[in-house]
Amino acid sequence: MKGLTHYLFALLALTVVACGGADQGSLEGKKAQLKEYRNEVKDLQGKITALEEEIATEDPNFAGVGKNATLITTLPVKEGTFEHFIEVRGNVSSDRNVTISAEASAEVRQVKVEKGDKVKKGQLLIVQNGETIRRNIEELQTSLELAQTRYERQSNLWKQKIGTEIQYLETKNNKESIERRLASARSQLDNYLVRAPFSGTIDEVFVKEGETAMPGTPMLRLVSLEDMYILADISEAYLGEFERGDSVSIRFPSLNK
């Protein structure tokens with residue numbers, strides 16, 4: 001009976017020791033279990049990789065390794081110039097871009113051009129009311145005809161030694177005075193006729209028929225398309241990167257060209 005008691009005690013002690021060593025709830029048990037899992041994953045990953053490589057060898061489009069595979073080709077190496085481009089925005093400008101203003105205070109009678117019209121140098125663009133000057137020119141022309149007749153007759157008499165030199169000089173001076181006044185009036189009339197100073201394109205028309213234009217009033221803008229250039233601002237970071245003669249590619253978004 002005493003021997004049986006010792007056997008049961010020893011069996012119970014062994015059972016307690018065995019259960020204590022396999023306790024997965026303890027920290028040491030968790031670490032041991034994690035290490036075992038990692039070894040299993042490592043072993044399994046190695047098997048997966050080896051199997052994927054075998055399949056990919058037979059099928060390059062395999063979804064495993066094949067999805068990251070890239071078909072590679074070879075090309076002969078050649079020497080060449082590496083070109084690097086930057087993109088900047090600029091504005092198209094012209095040295096011959098002028099605003100034509102009125103020189104006389106008068107009503108605008110006719111606007112003979114529209115925006116976008118191409119004109120030639122000297123072409124009439126706008127006509128202002130210059131009736132007062134025109135009537136003055138007509139009166140001066142009539143006076144000049146009379147003065148010319150008197151001068152010619154007095155000149156003939158003077159050549160025949162008839163009359164006095166004073167009479168001859170007075171008729172001559174009167175004729176020349178009217179000629180100067182007529183030339184001045186015609187010059188003033190030109191101020192009422194706005195003409196193109198050079199050939200180009202009408203970029204904008206600022207006045208309408210019936211309006212009164214004062215001296216200095218902008219009437220229209222004329223641009224020559226012959227002397228065009230593009231002005232663009234480039235970052236200081238690219239200073240020294242460009243040289244005269246470098247190629248430039250230009251695109252006009254508004255024209256799609």
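Lys-115 and Glu-204 join their side chains in a salt bridge, with 3.6 Å from N to O; the term stands for a side-chain nitrogen of Lys or Arg within 4 Å of a carboxyl oxygen of Asp or Glu. Because Lys-115 lies in the loop between strand 3 (106–111) and strand 4 (118–119), while Glu-204 belongs to strand 7 (residues 200–205), the pair ties together parts that are 89 residues apart in sequence. Helices (H or I, at least four residues) and strands (E, at least two) are DSSP runs, numbered from the N terminus.

This is a predicted model, in which local features need pLDDT of at least 70 and side-chain atom pairs count only at pLDDT 80 or more, whereas totals for chains, interfaces and linings use all residues. Residues are numbered from 1 along each chain as its sequence is written, and side-chain values use heavy atoms, with hydrogens and water left out.

Strand 7 also holds Asp-203, whose side chain meets that of Arg-221 in a salt bridge of 3.9 Å, N to O. Arg-221 sits in strand 9 (residues 218–223), so that this pair, 18 residues apart, likewise links distant parts of the chain. A further salt bridge connects Arg-109 with Glu-107, where the closest N and O atoms are 3.8 Å apart. The structure holds 6 salt bridges, among them these pairs.

The table gives relative accessible areas, for which buried means under 20%, exposed over 50% and partly exposed in between (1.4 Å probe, protein chains only).

| Residue | Relative accessible area | Class |
|---|---|---|
| Lys-115 | 58% | exposed |
| Glu-204 | 29% | partly exposed |
| Arg-221 | 26% | partly exposed |
| Asp-203 | 35% | partly exposed |
| Arg-109 | 40% | partly exposed |
| Glu-107 | 31% | partly exposed |

For the chain as a whole, there are 4 helices and 10 strands, and from the N terminus on the elements run α-α-β-β-β-β-β-α-α-β-β-β-β-β. Buried residues account for 19% of the 257 residues. Where contacts (heavy atoms within 4.5 Å) are taken between residues at least 6 apart in sequence, 71% of them join residues at least 24 apart. The accessible surface, computed by the Shrake-Rupley method with a 1.4 Å probe, comes to about 20,800 Å², and 52% of it belongs to carbon and sulfur atoms.
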